[in-house]
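Thanks for coming. I will go through one model today, a few loops and then some packing. Please have the sequence and the structure open.

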Amino acid sequence: MQSKKQPTRLRVDLRHWLRRGRRVWTTAFGVAGCVLLLRILGFLEPLELAVLDQFFRWQLTPKNDDRITIISISDEDIKQLGKWPLSDAVLVELINKIKAAQPQAIGLDIYRELPNEPGHAELTRLLETTPMLIGIEKLPDMESPGVDAPNALDSRNQIGFNNIVIDADGKVRRMILYWTLDGVAKTSFSLQLAQLYLQPQGIRPKPSARDPNILQLGQSIFPPLQPNAGPYIDADTQGYQVFANYRQRQFDTISISEFLQQDPSQDAALLRDRIVLIGSTADSLQDFVLTPYSGGNQRSAERMAGVQLQAEFLSQLLDNALGDRPVLATWGWGGEVLWIIVWSVVGSGVGWMLRSPIKTLGATTALSVGLVAGCYLAFVGGLWVPVVPPLLTLTGSTLAIIAYLAHLREELQKSKEFLSSVINTIPDPIFVKDVNHRWIVLNEAYGQLIGHPTQILIEKSEYDVLPAHQADLFWEQDRLTFQKETEQESEEEFTNANGFTYCIATKRSLHRDSAGNLFLVGVIHDITERKRMEEELRRTTAELAQSNAKLRRAGDQLRQIAFHDPLTGLPNRAALETMLTEALKLAETHQKYVALLFLDLDGFKQVNDTHGHRMGDLLLKAVAQRLLGCLRGSDTVARLGGDEFVVLLPAIAEAQNVVRVADKILQTLGQTFAIEEQAIHVTTSVGIALYPADSQTIEELLAHADAAMYQAKQLGKNQYCFASSVTVSESAHQSSLSNAREDDHS
């Protein structure tokens with residue numbers, strides 16, 4: 001009867017084999033599951049994009065693309081031509097000179113929605129008679145209502161959109177080939193030009209043989225990008241998007257002013273049978289984007305001009321069609337999951353087999369290098385294989401196994417020490433078993449715990465008095481102790497004969513007598529109350545953490561509302577007064593000046609009247625950004641309201657430094673603002689008050705700076721004036737100055 005309840009030897013051996021390998025599989029799938037969760041939640045997307053960018057930068061720079069030439073329009077060109085946008089007459093002259101060189105196609109990467117006299121009639125006729133020319137349009141999106149192409153090109157379907165997709169970090173890694181707007185299919189600017197160039201070779205876009213919904217151009221098939229493709233998680237893949245497989249090729253570039261001035265034959269070789277792109281590279285027009293080759297943060301990173309980006313897209317499409325560059329493809333979700341699990345198993349398996357931390361870390365490093373190198377080679381061949389998730393699973397599973405083996409070694413040492421500590425006088429429940437798992441010695445505490453007299457338990461096992469599932473657990477723990485011959489610790493639930501369930505911790509060790517008989521000695525600790533308290537403590541800790549998080553979020557929101565201007569995000573008056581108080585204390589301690597610059601925009605009312613209050617708000621935001629960009633990190637820019645700003649310069653060594661800052665502010669704000677493709681020009685009047693020369697209180701400093709600003713307006717605006725130059729009689733005219741202020745702010 002008893003032998004039927006106990007596991008057979010085959011069952012014991014099978015459990016032993018499975019248990020030895022279970023740690024490897026548990027670790028592998030546990031780490032892989034955690035990494036997959038991070039991947040699904042999007043936490044790994046920035047790292048994956050960074051690796052993708054690095055792969056692009058590792059590629060050797062290819063030779064120049066002699067199929068494309070750029071006619072660039074720089075700030076110096078605009079200055080020489082004397083006008084922006086370029087007049088229609090200048091474009092007529094430019095296009096005619098390009099046509100004379102017999103190019104394959106001309107791409108006009110300049111918006112020409114409206115006539116720009118003189119020369120509009122001539123430009124219209126030229127566009128209608130130049131089938132090789134493709135213009136641009138901007139399709140409506142969340143940020144812009146869009147810009148139409150010239151009617152002369154639109155009616156002949158000689159247009160392409162130049163909309164781009166920008167990732168969360170501000171970089172362009174995808175290009176759009178097609179878009180559907182109001183049921184009408186639109187083609188991208190680069191694809192339109194590629195079709196013109198490839199047309200003589202008989203290459204045209206067509207549905208692929210495997211799927212009519214997938215584009216094929218020449219030798220390449222362009223599967224549309226999916227929301228979770230490659231490094232992306234739930235990306236916006238509207239339209240027909242594909243990866244931009246950059247090569248950072250160089251293109252022959254000619255300045256428009258030089259091209260118009262010199263003999264056409266000088267540049268004929270750079271234009272004949274090529275695609276000629278006409279576009280802006282001027283800093284003032286701000287037509288620049290970040291690409292994978294842009295390092296650093298978004299402000300300091302090197303940017304690519306829009307016309308160069310279109311050239312890069314066009315070069316890729318031509319290479320793809322001719323089989324010189326692969327279309328960057330990705331795995332499906334199933335392949336990525338399997339890829340992550342495989343590397344997790346490799347990491348845990350290496351750690352389990354080597355067991356030495358130094359050898360394991362060395363092997364893991366070598367595997368990591370091989371993984372990155374293999375993924376890079378696949379990338380060069382046109383396949384993006386995930387890098388960050390397998391690296392994390394490889395490293396995480398290896399470290400988890402190392403930590404587990406270290407724990408086993410520590411417990412083994414404890415077991416050796418425990419062998420000498422087990423004595424018969426321990427008050428805790430103690431049992432002694434033979435190799436057949438039968439009780440041979442029990443103390444009274446054990447009999448009280450199990451609920452039976454010790455006399456009736458001798459020569460019996462747990463299967464005679466405990467539920468089967470609990471007896472299986474005790475049997476397995478005892479078997480492991482005999483098998484490993486080391487001390488074992490376990491925690492389990494235990495139900496005694498009276499029906500009361502305990503949480504117990506059992507320590508098991510082996511003892512061999514002088515005759516060589518092997519016994520198992522177990523010491524039990526009741527941890528029921530401790531488990532209850534631990535669970536209650538965990539619950540309380542979680543509740544406290546949640547409450548603290550809510551309080552912190554509420555406090556952050558209140559501080560943001562109380563001390564910042566809602567439109568520009570700059571500090572408001574309350575925050576300025578706090579910062580000014582600290583600056584005055586610091587200046588007094590170190591014998592420094594504090595400068596307070598009161599700024600008021602000249603002509604802001606005209607902007608509101610002409611362009612509307614929404615444009616005025618955008619102008620105020622742009623002014624705030626320019627002020628932040630031209631000052632030190634220790635300086636403060638605040639907005640008091642309307643078009644009034646205050647600049648706080650702490651710890652100024654001499655007053656002459658303030659003059660340089662004021663000149664820089666006037667120069668910076670005097671430059672034309674390009675807002676929603678409209679040129680806005682304003683100036684500013686600046687009043688300057690110094691501490692302690694002009695006043696030693698916050699209120700008086702603000703008042704003196706305000707009065708000095710009005711003096712600057714009276715003197716003709718777009719200048720600065722120190723408070724020390726404003727006389728008492730001039731201050732008495734505050735009423736008339738206030739009227740001027742109201743007129744300028746309305």
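In which loop does glutamine 248 lie? Glutamine 248 is in the loop between β10 (240–243) and β11 (252–255). Before going on, the ground rules. This is a predicted model, local features need pLDDT of at least 70, side-chain atom pairs count only at pLDDT 80 or more, and totals for chains, interfaces and linings use all residues. Residues are numbered from 1 along each chain as its sequence is written, and side-chain values use heavy atoms, with hydrogens and water left out. As for element names, helices (H or I, at least four residues) and strands (E, at least two) are DSSP runs, numbered from the N terminus.

Back to glutamine 248. Its phi is near 50°, a positive value in a residue other than glycine. Glutamine 248 has a relative accessible area of 28%, so it is partly exposed. On that scale, buried means under 20% relative accessible area, exposed over 50%, and partly exposed in between, with a 1.4 Å probe and protein chains only.

Asparagine 157 also has a positive phi, near 55°, and is a residue other than glycine. Asparagine 157 sits in the loop between α7 (151–154) and β4 (159–161). Asparagine 157 counts as exposed because its relative accessibility is 56%.

Now serine 72, in strand β1 (residues 68–73). Is serine 72 buried or exposed? Serine 72 has 9% relative accessibility and therefore counts as buried. With neighbours within four places in sequence left aside, serine 72 is in contact (heavy atoms within 4.5 Å) with Asp77, Thr253, Ile254, Ser255, Ile256, Gly279 and Thr281.

Next, the cis peptide bonds I want to show. The bond from tryptophan 84 to proline 85 is cis, with omega near 0°. Proline 85 belongs to the loop between α4 (75–81) and α5 (88–100). The bond from tyrosine 691 to proline 692 is cis as well, with omega near 5°, and proline 692 is in the loop between β27 and α23 (698–714).

On to helix packing. Axes here are lines fitted to C-alpha atoms, for helices over the stretch in contact, and angles run from 0 to 180 degrees between N-to-C directions. Helix α8 (residues 189–198) and helix α11 (residues 306–322) pack at about 45°, with their axes 9 Å apart. So α8 is oblique to α11. The classes are: under 35 degrees roughly parallel, over 145 roughly antiparallel, 65 to 115 roughly perpendicular, and the rest oblique. From α8, residues including Phe189, Leu193 and Tyr197 take part, and from α11, residues including Phe313, Leu317 and Ala321. By class, that contact has 12 nonpolar, 2 polar and no charged residues. For those classes, Ala, Val, Leu, Ile, Met, Phe, Trp, Tyr, Cys and Pro count as nonpolar, Asp, Glu, Lys and Arg as charged, and the others, Gly among them, as polar.

At what angle do α12 and α13 cross? The axes of helix α12 (residues 333–354) and helix α13 (residues 357–380) cross at roughly 155° and come within 9 Å. α12 and α13 are therefore roughly antiparallel to each other. Among the residues that make the contact are Trp339, Trp343 and Val346 of α12, and Ala363, Leu367 and Leu371 of α13. The class count for α12 with α13 is 9 nonpolar, 2 polar and 1 charged.

Last, a sheet. It is an open sheet of 5 strands in the order β23-β24-β22-β27-β28, with mixed pairing. Two strands pair if DSSP finds at least two bridges between them. β23 (636–641) and β28 (720–722) are the edges, each with a single partner strand, so one side of each has no neighbour in the sheet. Direction ignored, neighbouring strands of this sheet are turned by 20° against each other on average. β23 pairs with strand β24 (residues 644–652) in the antiparallel sense over 5 bridges, and threonine 636 has leucine 648 in β24 as its bridge partner. Helix α22 (residues 656–670) packs on the sheet, touching β22 (593–602), β24, β27 (683–691) and β28.

That is all I have; questions are welcome.
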